[in-house]
Amino acid sequence: MAEFVDQVVLYIKAGDGGNGCASIHREKFKPLGGPDGGNGGRGGDVILEVDPSTSTLLDYHHRPHRKAANGKQGAGSNRDGATGDDVVLKIPNGTVVKDAKTGEVLIDLIGAGTRYVVAQGGHGGLGNAALASTKRKAPGFALLGEEGQEVEALLELKTVADVALVGFPNAGKSSLIAALSAARPKIADYPFTTLVPNLGVVTAGETVFTVADVPGLIPGASEGRGLGHEFLRHVERCSTIVHVLDCATIEPGRDPLTDFGVIEAELAAYGELDDRPRLAVLNKSDVPDARELAEMVRPMLEEKGLKVFTISAATHDGLRELSFAMAEMVSAARAAKPVEEPTRLVIRPKQFGDAGFTIKRINEKTFQVSGEKPERWIRQTDFSNDEAVGYLSDRLARLGIEKALSEAGAKNGAEVVIGPMEGGYLFDWQPELDAEAHQGPRGSDNRVG
């Protein structure tokens, strides 16, 4: 059973808005007390929230479908429906949210308590009390609630750590993190023992920092070979990279210099890691032949501008010097980096003067209307009620759609689609009908028939 999951697709459905209520107040000696239908309640949102105590996406791997509560329908006596409860999903710090279908990055969530509404609940429909006006004093209809958003979101966890330990499988990364911190990763003498990143907290003097043990990389990891492609992204947020080089390997064609070159090539191929400071650790010095090899290659690594430490994770030899060197580099990186703040959500208002819709001519007799307002109004309309359809016609006319259709060349009887060509609402356009006021008894409109 997996205990760590760093990538998952969530199928999210926000709550639907409740329908408005069409009701007339009735009281003894007051047979026509006026409209008193309440509004429908708003559907619940689905919210992602950064929780420092959460370290994996495992729960969403097992239960990827999440749904918020629907809003309640309005009622008579001006009683509004209840708002649907929000669903708050706790996620680890450093989670990137993407559109699962397009791959577009929606937001990068960093900072405890940062929230992001990944799916918005539908608005509740207005009751007939809210729709009353001087021209329509007793509406015989109410608006329908809107459907909540449906989203397929890809969550990717990029571990937030200060130091990344990278190296070939069995180089001793898990042993090193266990020796430096209280972490207890699985350690064994066969490759790919570590299947998930391990985190450990290290204290060196007054500096406290986090070390990530990234699973073993192999040639071609940046292209998807082995486990590297899945976990290279965990190196992205680390300020310091530590190469753990195995000086006691008996595999043919391998030595510390060759291993260093291979891992550096994979990091370069992955990209965006060239600016991270590096340390080189020559591990397993408790083995006699390994110590001799370490002394031989140490000058060659130092010529590359690296600080080199000869250690033994098994005997803890050299770990104190290494931990203070890592702390020094982490402190320098923190000093140069601005203070991390929770992700700031940017709201971009629409451009002033935007009509809110567009007209597209499909052919000689067919026109398509697209826009947030007209498409939302279509979803709110109860087409079984003629008065509601007449009210929709009034709204579309006030928005300027009839004028725009005339300017686009639409003639009487033209087919007009509001929304997508497949699944949108199709109607025959009749511009000679005035759309200024309700005509006919409650619940009807003699313009519609």
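This is a predicted model: local features need pLDDT of at least 70, side-chain atom pairs count only at pLDDT 80 or more; totals for chains, interfaces and linings use all residues.
Two packed helices are described by the angle between their axes and the distance between the axes. For helix H8 (residues 372-380) and helix H9 (residues 386-399), the angle is about 175° and the axes lie 11 Å apart. Because angles over 145 degrees count as roughly antiparallel, H8 is classed as roughly antiparallel to H9. On the H8 side, the contact is formed by Lys 373, Pro 374, Trp 377, Ile 378 and Gln 380, while H9 contributes Leu 392, Arg 395, Leu 396 and Leu 399. Sorted by class, this contact comprises 6 nonpolar, 1 polar and 2 charged residues.

The second pair consists of helix H5 (residues 256-270) and helix H6 (residues 288-303), whose axes come within 10 Å and cross at roughly 45°. The class count for the contact of H5 with H6 is 7 nonpolar residues, with no polar and no charged ones.

Attention now turns to a charged side chain in a strand. Glu 156 belongs to strand S8 (residues 150-157). This residue has a relative accessible area of 10%, and is therefore buried, since the cut-off for that label is under 20%. What partners does the side chain of Glu 156 find for polar contacts? One is the side chain of Gln 7, at 2.8 Å. Another is the side chain of Lys 98, with a polar contact of 3.4 Å. Leaving aside residues up to four places away in sequence, Glu 156 touches Asp 6, Gln 7, Gly 94, Thr 95, Val 96, Lys 98 and Arg 233.

Ala 129 sits in helix H2 (residues 128-131) and is partly exposed, at a relative accessible area of 27%. Its C-alpha lies 8.0 Å from that of Gly 34, although 95 residues separate Ala 129 and Gly 34 in sequence. When residues up to four places away in sequence are not counted, Ala 129 touches Pro 35, Asp 36, Gly 37 and Asn 78.

Backbone geometry also deserves a look. Most residues other than glycine have a negative phi, and most peptide bonds are trans. Lys 284, by contrast, has a positive phi, near 70°. This lysine is placed in the loop between strand S13 (278-283) and H6, and its relative accessibility of 24% makes Lys 284 partly exposed. His 316 likewise has a positive phi near 70°. His 316 is located in the loop between strand S14 (307-310) and helix H7 (319-336), where the residue is partly exposed with a relative accessible area of 47%.

Finally, the cysteines can be considered. How many disulfides does the structure hold? The number is 0. Cys 21 has a relative accessible area of 12%, so this cysteine counts as buried. Cys 238 is buried too, with a relative accessible area of 2%.

How values were computed:
Residues are numbered from 1 along each chain as its sequence is written. Side-chain values use heavy atoms; hydrogens and water are left out. A disulfide is a pair of cysteine sulfur atoms within 2.5 Å. Buried means under 20% relative accessible area, exposed over 50%, partly exposed in between (1.4 Å probe, protein chains only). Helices (H or I, at least four residues) and strands (E, at least two) are DSSP runs, numbered from the N terminus. Contact means heavy atoms within 4.5 Å. A polar contact is a pair of N or O atoms within 3.5 Å; within protein, one must be able to donate a hydrogen and the other to accept it, and residues adjacent in sequence count only if both atoms are side-chain atoms. Axes are lines fitted to C-alpha atoms, for helices over the stretch in contact, and angles run from 0 to 180 degrees between N-to-C directions. Angles under 35 degrees count as roughly parallel, over 145 as roughly antiparallel, 65 to 115 as roughly perpendicular and the rest as oblique. Ala, Val, Leu, Ile, Met, Phe, Trp, Tyr, Cys and Pro count as nonpolar, Asp, Glu, Lys and Arg as charged, and the others, Gly among them, as polar.
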